[in-house]
Amino acid sequence: MDGMSTWQIATYAAAGIALAACAGMRAFLPLLVLGIAGRLGRFELAQGYGWLSSTPALILFGVAVVAETVADKIPIVDHALDTVHLIIKPAVGTLVAAALFVNLPPLPATVLGLVIGGGVATGVGLAKAKVRVLSSLTTGTVLNPFLSFFEDLGSTVIAAVAVLAPFLALIFIAAIIGYGFHRLHRRWVRPAPPMHPPASPPAA
């Protein structure tokens, strides 16, 4: 860790932020992906976070990923899951980000992970929950399982790209967020109607 270049440090930080964003959609998938990446030597985990790549942790994360994926397909249960995740997702975002701030001592890494990783995971998680609520109100939960499938796909792609090409994952996330804001702007901020000049009085 001592011999890491600025580029490597930035790459690790980008991967941590991308995985934290992924945690906003699927809480346990980033932990599983990061643990496997650490186990395979793709990333060197920060001091105090090596347990993430241990065999018991990987088994636990794998079971949690399957359980979360199945539960999120069940209407009503998905909303209960989002409520519980209000606490879990920021914690996971903190973990995955802090684990990749390898150039920092444990305490500063954890604090920075909480501010950046926890904040990113919370923001994405709240946006995801809001979309799910809107879907339930407008489609009677019929669309929810389909949304869940696309969230599975998106979070898996982001997590994989975060490990293989972290900066590309950040660009991908920024594009998704930008598109979402664009759609919201078009939906809720409608242009003002054109102003017509007053009609001229009829000629005498």
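Ser 148 is buried, because its relative accessible area is 0%; buried means under 20% relative accessible area, exposed over 50% and partly exposed in between, with a 1.4 Å probe and protein chains only. Ser 148 sits in helix α6. Helices here are DSSP runs of H or I with at least four residues, strands are runs of E with at least two, and both are numbered from the N terminus. Beyond its neighbours within four places in sequence, Ser 148 is in contact with Arg 26, Asp 72, Lys 73 and Arg 132, where contact means heavy atoms within 4.5 Å.

## Basis of the model

This is a predicted model, in which local features need pLDDT of at least 70 and side-chain atom pairs count only at pLDDT 80 or more, while totals for chains, interfaces and linings use all residues. Residues are numbered from 1 along each chain as its sequence is written, and side-chain values use heavy atoms, with hydrogens and water left out.

## Overall layout

The chain has 7 helices and 0 strands, giving the pattern α-α-α-α-α-α-α along the sequence. The chain holds 204 residues, of which 40% count as buried. Among contacts between residues at least 6 apart in sequence, 69% join residues at least 24 apart.

## The nonpolar core

The largest nonpolar core has 38 residues, and those touching the most other members are Leu 19, Leu 34, Phe 43, Leu 52, Val 96 and Leu 100. Such a core is a set of buried Ala, Val, Leu, Ile, Met, Phe, Trp, Tyr and Cys residues joined through side-chain atoms within 4.5 Å. At least two residues of this core come from each of α1 (6-23), α2 (29-40), α3 (55-71), α4 (77-98), α6 (144-164) and α7 (166-188). The largest share, 8 residues, is supplied by α1.

Leaving aside neighbours within four places in sequence, Phe 43 is in contact with Tyr 12, Ala 15, Leu 34, Ala 37, Gly 38, Leu 100, Ala 162 and Val 163.

## α1 against α6

The axes of α1 and α6 are 9 Å apart, and the two helices pack at an angle of about 170 degrees. Axes are lines fitted to C-alpha atoms, for helices over the stretch in contact, and angles run from 0 to 180 degrees between N-to-C directions. The angle makes α1 roughly antiparallel to α6; under 35 degrees counts as roughly parallel, over 145 as roughly antiparallel, 65 to 115 as roughly perpendicular and the rest as oblique. On the α1 side the contact is made by Ala 15, Ala 18, Leu 19 and Cys 22, and on the α6 side by Ser 155, Ile 158, Ala 159 and Ala 162.

Ser 155 counts as buried because its relative accessibility is 1%. A polar atom of the Ser 155 side chain lies 2.8 Å from the backbone oxygen of Glu 151. Apart from neighbours within four places in sequence, Ser 155 is in contact with Cys 22, Met 25, Arg 26 and Leu 29.

## α2 against α3

The axes of α2 and α3 cross at roughly 150 degrees and come within 8 Å, so the two helices are roughly antiparallel to each other. Leu 29, Leu 31, Leu 32, Gly 35, Ile 36 and Arg 39 of α2 meet Thr 55, Leu 58, Phe 61, Gly 62 and Val 65 of α3.

Leu 114 lies in helix α5 (residues 106-139) and counts as exposed, at 54% relative accessibility. Not counting residues up to four places away in sequence, Leu 114 touches Thr 94 and Gly 119. Leu 114 and Pro 90 are 24 residues apart in sequence, with 7.6 Å between their C-alpha atoms.

Methods
Polar contact = N/O pair within 3.5 Å; in protein donor to acceptor, adjacent residues only side chain to side chain.
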